[in-house]
Amino acid sequence: MGLIGFALTVLAAYGLLRLLAKCAAWATGSRYRAFRRLAGRHGGRYETRGLADSPIVSFPHGEDLVRVGLAPASARRPGVTSTRVVVRFRRGIPFRLDLIPLVSQRPRPQTRGTQPILLGDREFDGAFAVQANDPEMARDFLAPATRWSLEGLQRLAPPGGLALAVSPERLLVQLDRDLSDDPDSLFAAVSETLTIYQGLREGVRKRVSEGVTLIEGDGPSEALEGPPICKVCGELADGVAIVVCVKCGAPHHRDCWEFVGWCSIYGCGGKIGRPPAPSALGTSGSFPPRS
Ligand SMILES: [Zn+2]
Ligand SMILES: [Zn+2]
């Protein structure tokens, strides 16, 4: 009995020390220091979201907006904290693409209207699963510079811990590693993402000059089929921290909604989210758009 009591005391003391260390990190501002430095480097905004939620850094890039933050741990992959970088387009592009390493633990993305893409490069085709709506644009986009940056991103993440997703309104890079205290790696992740963004702009410009245009209207219905999947992170959207778009009903993780800033269903553009029914919270529970 005495031994158990002793063990419990040691455990409690350990927990208290951990808590104190965390508080000290908060007080001295060393937590998320990579995010703070990133904001300073790009003249951007460091947005704190209270004690429970991690901060978001945002800065303009050309006419578009870059946002960097941590993704909440998913129920399917407990203990994995991811860093994500999103570039939000001011003007939509006629392109959808999902890319994950073949060894990834994530489910293969199955976006409607997309098909598997092979580049004819054995090394690349043997390493990544790619789905896109426009094979030619995908090949233009996945030019050598983009592929090098993808390799650079892979080196920053554990094996298979990379995901890239392009939709008409944003480019999203997710790395399964917490880079919030590692400025060098975070800067590298952002810089590789911006190179990929450049490749995307060029690939799209080329195809648009050939007459490909943005087709409207594969919108809201895609959200309502199958299990509720968060369109930002591709994970199952159930549980407590869920926001539903008032306009189209698409479910998002609250964190993902705040991260992107509006509904991520193409063609919806909804900017107000609310907790899912039947909570009947009305507008008091709504989340205003963030810019
Ligand atoms: Zn999500
Ligand atoms: Zn919506």
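Between which strand and which helix is the loop that holds Asp-176? Asp-176 sits in the loop between strand 9 and helix 6. This is a predicted model, in which local features need pLDDT of at least 70 and side-chain atom pairs count only at pLDDT 80 or more, while totals for chains, interfaces and linings use all residues. Residues are numbered from 1 along each chain as its sequence is written, and chains are lettered from A and ligands numbered from 1 in the order in which they are written. The protein has seven helices and 12 strands, taken as DSSP runs numbered from the N terminus (helices H or I, at least four residues; strands E, at least two).

**Overall figures**
- Of the 291 residues in the protein, 36% are buried; a residue is buried if 20 or more other C-beta atoms lie within 10 Å of its own, exposed if 12 or fewer, and partly exposed in between, with C-beta atoms placed from the backbone.
- Among contacts between residues at least 6 apart in sequence, 56% join residues at least 24 apart; a contact requires C-beta atoms, placed from the backbone, within 7 Å.

**Asp-176**
- Asp-176 is buried because 21 other C-beta atoms lie within 10 Å.
- With neighbours within four places in sequence left aside, Asp-176 is in contact with Val-80, Ser-82, Ala-157, Pro-158 and Gly-161.
- Leu-156 is 20 residues from Asp-176 in sequence, and their C-alpha atoms are 9.0 Å apart.

- Nine strands form an open sheet with antiparallel pairing, in the order 1-2-3-4-9-8-5-7-6; two strands pair if DSSP finds at least two bridges between them.
- Strand 1 (45–49) and strand 6 (115–116) are the edge strands, each pairing on one side only.
- Three bridges join strand 5 (residues 97–101) to strand 8 (residues 162–167) in the antiparallel sense, and Leu-97 has Val-166 in strand 8 as its bridge partner.
- Helix 5 (residues 144–156) packs on this sheet and touches strand 5, strand 8 and strand 9 (170–175).
- The direction of helix 5 makes about 35° with that of strand 9; axes are lines fitted to C-alpha atoms, for helices over the stretch in contact, and angles run from 0 to 180 degrees between N-to-C directions.

**Helix 5 with helix 6**
- The axes of helix 5 and helix 6 come within 9 Å and cross at roughly 155°, so helix 5 is roughly antiparallel to helix 6.
- Angles under 35 degrees count as roughly parallel, over 145 as roughly antiparallel, 65 to 115 as roughly perpendicular and the rest as oblique.
- The crossing is left-handed, a term for a near helix turned anticlockwise from the far one by less than a right angle, with clockwise giving right-handed.
- By class, this contact has six nonpolar, six polar and one charged residues; Ala, Val, Leu, Ile, Met, Phe, Trp, Tyr, Cys and Pro count as nonpolar, Asp, Glu, Lys and Arg as charged, and the others, Gly among them, as polar.

**Helix 2 with helix 6**
- Helix 2 (residues 33–41) and helix 6 (residues 183–209) have axes that come within 9 Å and cross at roughly 50°, which means that helix 2 is oblique to helix 6.
- This crossing is right-handed.
- Arg-33, Ala-34, Arg-37 and Leu-38 in helix 2 meet Pro-183, Leu-186, Phe-187 and Val-190 in helix 6, a contact with six nonpolar, no polar and two charged residues.

- An open sheet in the order 11-10-12 has antiparallel pairing, with strand 11 (251–253) and strand 12 (273–274) as its edge strands.
- Ile-242 has His-253 in strand 11 as its bridge partner.

Notes: Two residues are in contact if their C-beta atoms, placed from the backbone, lie within 7 Å.
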